[in-house]
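These are my notes from a first look through this structure. I went chain by chain and then turned to the contacts between chains.

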Amino acid sequence: MEARKRLSAVVAGGALLLAAAACGGGGGTGNQPGESTQPSAGGGGDKAFVWALSAEPKALDGAYVSDGESLRVVRQIFEGLVGTKPGATDVVPALATKWESTDATNWTFTLKQGVKFHDGTDFNAEAACWNFERWFNFKGAQQNPAVSYYWQTVFGGFAKNEDPEMTPSSYKGCKTEGADKIVISLASPSASFISALSLPSFSMVSPAAIQKSGDAVEMKGDAPEFTGKFATEAPVGTGPYKFVSWARGDKLTLEAFDGYHGEKAKIKSLIFRAISDAPARRQALESGEIDGFDQVEPADVETLKGAGYTIQERPALNVGYIGFNQKLAPMDNPKIRQAIAHAINREALVKAKYPPGSTVATQFMPPELAGYNEQVTTYPYDVNKAKQLIAESGVANPTVELWYPTGVTRPYMPDPKANFEAFKADLEAAGFKVVVKSARWTPEYIDAVDNGKAMIFMIGWNADFADADNFVGTFFQAPQKRWSFDNKEIFGKLDEAERETDPAKRTALYQEANKLIMDFLPGLPYVHNKSFVGLGKDIKGFLTDPLSNENFSLVSRG
Amino acid sequence: MSLGAAEAAITVAEEQGGGLWREAVKRLSRNPAAIIGAVLIALFVFVAIFADWLAPYTAMAPDLSQIEGPGHVPGPSAEHWLGLDDNGRDLLSRIILGARQSLLVGVVSLLFGMAGGIILGLLAGGLGGWVDSTVMRLVDMMLAIPGLLFAIGIAAMLGQGMTAVMIAIGVVNIPVFARLLRGQMLAQREADYALAAKSLGVKRSRIILGHVFPNSLTPVIVQGTLTLATAIIEAAGLAFLGLSGEDPSIPEWGRMLAESQRHLANAPQLVIAPGVAIVLAALGFTLLGEALREALDPKYRR
Amino acid sequence: MLRFIVRRLLVLVPVLLGLSIALFAWVRALPGSPAQALLGERATQAQIDLINRQMGLDEPIYVQYFRFLGKIVQFDFGTSVQTNQPVLDEMIRRFPATFELGVTALLLAVVVGVPLGYFAARRGGTWLDSATITGSLVGITIPVFFLAYMLKYVFAVKLGWFPNTGRQEARMLNVEHPTGFYVLDGLVTGNMAAFWDAILHLVLPAVALATIPLAIIARITRAAVLDVLNEDYVRTAESKGLTAGVVTRRHVLRNALLPVTTVVGLQFGLLMSGAILTETVFAFPGVGKFVADAIPTRDYPSIQGFILVIATLFVLINLVVDVAYGLIDPRVRVK
């Protein structure tokens with residue numbers, strides 16, 4: 001159950017992940033695809049495009065990384081067998097032109113012809129199967145969950161599991177049929193595994209390059225170390241950009257790949273720099289040192305827009321909420337939970353602290369998704385109602401512990417401290433005594449929340465994929481220590497909804513579930529936050545992607 | 001000679017020490033830097049103690065109704081002389097209330113560092129021998145770690161909170177005091193009165209605890225004044241690296257300075273006000289400490 | 001002299017050994033497990049257990065310590081959690097940046113601080129003296145990151161005279177770095193554009209970093225010069241009618257520079273603390289920035305390695321300073 005659920009989560013997430021990938025020419029400017037190959041041309045292709053990452057990538061082999069900043073770069077150098085339609089979750093051809101199966105267990109992929117890796121070797125059936133076998137045969141530190149995170153999430157284990165507790169692999173094998181067809185066999189039927197393959201972690205790498213540079217991983221001290229040079233000094237894929245150099249700490253340089261099989265990159269040089277300080281990223285954009293960065297601070301959105309910078313919005317597939325742990329009294333008291341909900345002024349917080357376009361949440365999933373219920377019970381801001389509910393609860397002078405994380409910003413929580421201060425003041429105004437609890441985001445805070453030690457905690461969720469199941473299903477389908485409640489009605493309704501295949505019925509079931517949840521009030525959702533990408537004034541063709549894996553080959557200067 | 005006579009001899013020697021302080025105070029009162037320093041400190045301590053009474057607003061709870069959107073920071077007005085912060089609170093009140101936290105950090109970490117330093121210094125300077133070597137190696141070790149990282153390391157073990165910050169800064173200062181006291185005690189032990197007392201048969205522990213130690217405290221006190229300044233500055237550095245008090249609604253200069261960097265362009269007063277407050281408070285202690293050092297230094301007495 | 005050096009080197013051993021025990025104990029005393037640091041919010045209990053087993057965290061503590069010690073004497077500080085690369089490699093890669101910045105800052109501090117202190121002392125009681133004292137005290141009391149932000153805001157953001165971040169304009173392609181010291185690289189490869197660019201990138205961070213050492217050096221110089229001026233031999237020289245210039249050259253400067261030398265050596269630790277803050281503000285890719293980033297990412301192997309390297313360097317530099325001091329001033333050796 002758990003494994004399958006994770007699979008479905010990642011699958012659809014993968015679909016979204018590459019939403020922008022297949023969007024050839026979406027940027028539609030006057031630039032010709034081939035222009036960037038003319039070094040002396042006076043157009044926008046000459047001046048390098050510089051993107052500020054918030055942290056240095058860990059490595060450039062998709063199979064070894066799961067952090068956003070590494071995957072952002074991997075996405076430019078590599079491609080997988082399948083991709084997704086721009087702005088949607090539909091799986092579309094990438095390195096495979098079509099795929100089919102009669103039993104959902106053995107899948108035949110027809111590969112695109114004439115595709116070359118950056119090192120000049122051919123991408124063909126043999127190379128494709130080699131990639132799958134490489135992942136399947138990971139050994140030693142390669143089996144570390146921090147290394148092959150997505151393989152393990154999607155396929156479970158490996159050919160030889162080195163840890164007895166690891167789940168057996170759902171992958172069986174890969175056979176070539178001629179030069180342009182491969183057959184991938186699974187342990188059990190699955191249709192959803194196709195979209196998982198669109199994750200950048202399942203990118204096709206050049207077998208020759210791996211053999212030449214090595215892909216060893218060793219466990220040294222507290223962390224795995226990429227001792228093989230492929231992932232750090234010589235990554236070779238089929239993507240629109242090829243690797244040039246990586247001066248760690250300084251910059252990572254990519255260059256448009258002349259032999260790219262699709263529409264070629266418009267800007268010749270693509271450079272990534274890590275600037276961890278948020279105000280420094282904005283200032284670097286203003287001075288022209290960089291051309292773009294992600295997660296513009298809410299306070300800067302209007303300022304930068306006003307100054308003529310291109311600010312692009314990303315869909316708000318997230319929710320920020322306050323969780324209640326019902327094991328810890330008085331949170332077991334429904335009147336107290338309702339009192340808290342009425343005490344907190346969510347409108348004021350969202351207006352003052354969240355970027356324009358963000359909305360106050362009424363339930364644990366964003367309105368864009370099927371299953372959202374307009375009719376759920378709402379808890380408008382009303383201090384007197386809150387005081388009345390406290391009086392009715394029978395709890396005299398209720399004391400609550402309010403937790404907030406430090407050392408972190410999340411898309412749904414750009415400034416946790418500000419949220420905390422607002423919540424604390426609101427709760428105190430309603431008559432609660434608030435005990436301040438704070439901890440570093442990783443690991444203490446997450447640990448306290450997940451192990452049921454935090455009474456009232458601020459947290460949230462970013463979509464892996466655009467489905468109700470990824471929100472309420474993840475939170476409330478089974479008992480969890482962070483909530484510590486056992487509500488069979490809610491668990492049952494969500495089980496039922498997840499099993500339902502008819503879309504209309506499924507939507508109705510999730511709507512019912514949302515109603516149940518908001519009546520029960522296990523926590524208080526408060527925001528669906530918009531996030532923004534900031535770009536230089538002359539940048540065109542940048543397409544935001546719901547999961548931040550934007551395709552830079554579409555970008556041009558106008 | 002009797003022990004009583006020995007004591008008398010020591011007391012005579014110490015009279016000169018007392019004279020040193022008296023003369024120092026006289027010299028300080030003529031030194032404009034010392035006066036400015038003392039005024040700044042007095043102001044700082046006064047504001048810290050009477051903050052609740054001085055602050056025009058309570059300024060603890062955010063008032064988001066004042067904020068029209070992210071990035072909006074209401075500027076100075078007749079009601080709010082320095083304007084509001086990004087949570088809709090009166091900035092002047094927060095600066096005033098913040099003095100309390102800064103003074104607390106300074107004093108507590110100073111006491112902590114001084115107490116630790118005095119214990120170590122007393123052990124090393126008083127007992128000598130292998131205790132001295134061991135303590136001094138420990139002190140060398142602590143001094144070899146860059147102060148800021150040392151504090152971060154300590155605070156990381158203790159978890160988030162002002163207590164962690166105060167202990168961390170205190171620990172960083174332990175070796176400074178230890179070394180200073182030990183050096184001074186070694187010198188004092190060789191001083192005429194101590195040698196005289198020793199030759200007269202006064203017990204070693206009595207010489208050291210009763211005379212050498214108190215006579216060695218002068219530079220420790222000077223250093224203590226200066227440490228009050230560095231503690232306030234170090235607390236700001238730690239806040240910049242994300243280590244500060246648990247409850248962000250309690251105003252604290254270092255944190256206000258570190259966290260308002262994002263508003264440098266649109267509301268520079270949010271940055272400048274706590275920055276100036278830190279500089280003035282630290283300057284007060286530094287001015288007085290430096291003047292004190294010069295006043296007590298025999299070299300400058302000519 | 002040799003015995004002095006050997007004795008000082010022997011003292012190093014217990015200090016570094018103690019440091020290794022302290023650092024080992026420190027990591028064990030930290031809350032949370034490395035596995036959680038690696039996986040963050042996605043960690044499941046099964047994954048954490050698996051990683052702990054792989055790391056051999058179940059062995060007796062002294063076995064773990066001796067393994068740790070065995071590694072660090074071979075300069076193996078483990079693997080950075082931030083980058084999954086050897087900590088030593090990361091240090092070596094970033095050290096030139098910090099060295100370049102630190103040396104520039106120190107040069108600035110000495111070149112400005114020594115003359116300032118000297119003239120302040122010679123003109124004791126004048127406005128120059130008061131201005132130097134006041135200025136140096138203000139310099140000490142400004143939080144480094146505050147100053148760095150203000151400098152950056154005024155000279156980079158508002159006036160645009162200098163770049164905001166980094167050590168080199170990212171769009172400069174085909175710049176070679178044979179030494180890793182970007183200013184030097186520009187000269188060596190004859191790339192004057194890169195040379196100038198590297199200098200421009202150094203100015204603001206170096207000024208920010210130099211402020212505190214500059215203030216300290218100016219004050220120490222002033223005090224040292226005052227001391228020397230009050231010495232009998234200078235008075236004698238002056239009474240003998242030697243011109244001020246000669247007195248300055250022969251006696252004052254030479255004798256006053258002794259304590260200054262010591263102080264310059266002691267600025268190393270201060271520069272490192274300052275570099276952590278300054279490099280963060282300017283996104284300057286040095287060791288300080290790396291360590292600042294190591295804090296939120298719980299990259300403890302990197303912090304451990306950094307402290308070990310810096311502490312060793314600090315002790316060695318002090319040794320060198322003491323030896324140099326002894327060479328210049330024979331009286332010290334006798335003591």
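**Chain A, overall**

I began with contacts in chain A between residues at least 6 apart in sequence, and found that 72% of them join residues at least 24 apart. I note at the outset that this is a predicted model. I then looked up the elements of chain A, which has 17 helices and 23 strands. Of the 558 residues in chain A, 60% are buried.

**The seven-stranded sheet**

Next I traced an open sheet of seven strands in chain A. Its order is E10-E11-E12-E1-E13-E21-E14, and the pairing is mixed. I checked where the sheet ends: strand E10 (241-247) and strand E14 (310-314) of chain A are the edge strands, each pairing on one side only. From one strand to the next, the twist averages 20°.

I looked at one pair inside this order. Strand E1 (residues 49-53) and strand E13 (residues 292-294) of chain A run parallel and are joined by two bridges. Here A:Ala52 stands opposite A:Phe293 of E13(A).

I also asked which strands helix H2 (residues 68-77) of chain A touches where it packs on the sheet. They are E1, E10, strand E11 (251-256) and strand E12 (269-274) of chain A. The direction of H2(A) makes about 135° with that of E10(A).

**A hairpin in chain A**

I turned to strand E4 (residues 96-100) and strand E5 (residues 106-111) of chain A, which run antiparallel and are joined by four bridges. A:Glu100 has A:Thr108 as its bridge partner in E5(A). Five residues lie between the strands of this hairpin, and A:Ala104 takes a positive phi near 60°.

**Chain C against chain A**

How many residues of chain C are in contact with chain A? I found 49, and they meet 41 residues of chain A. Several helices of chain C give two or more residues to this side, among them helix H2 (34-39), helix H5 (87-122) and helix H11 (244-281). The largest share, six residues, comes from H3(C). Sorted by class, the side of chain C that touches chain A has 23 nonpolar, 19 polar and seven charged residues.

**One residue in chain C**

I picked C:Leu106, which is found in helix H5 of chain C. Is C:Leu106 buried or exposed? It counts as buried because it has 21 C-beta neighbours inside 10 Å, and the cut-off for buried is 20 or more. Leaving aside neighbours within four places in sequence, I listed the contacts of C:Leu106 as C:Pro213, C:Val264, C:Gln267 and C:Leu271. I also looked up C:Leu209, which is 103 residues from C:Leu106 in sequence and 8.4 Å from it in space, C-alpha to C-alpha.

**Chain B against chain C**

Last, I looked at a pair of helices from two chains. Two packed helices are described by the angle between their axes and the distance between the axes. For helix H5 (residues 129-144) of chain B and helix H1 (residues 2-29) of chain C, the axes come within 9 Å and cross at roughly 65°. The crossing of H5(B) past H1(C) is right-handed.

On the H5(B) side the contact is made by B:Arg137, B:Leu138, B:Asp140, B:Met141 and B:Ala144. On the H1(C) side I noted C:Pro14, C:Val15, C:Gly18 and C:Leu19. By class, this contact has six nonpolar, one polar and two charged residues.

Notes
Residues numbered from 1 in each chain as written. Chains lettered and ligands numbered in written order. Predicted model: local features only at pLDDT ≥ 70, side-chain atom pairs only at ≥ 80, totals over all residues. Contact = placed C-beta atoms within 7 Å. Nonpolar A, V, L, I, M, F, W, Y, C, P; charged D, E, K, R; others polar. Axes fitted to C-alpha atoms, helices over the stretch in contact; angles between N-to-C directions. Left-handed = near helix turned anticlockwise from the far one by under 90°. Buried ≥ 20, exposed ≤ 12 C-beta atoms within 10 Å, placed from the backbone. Pairing = 2+ DSSP bridges.
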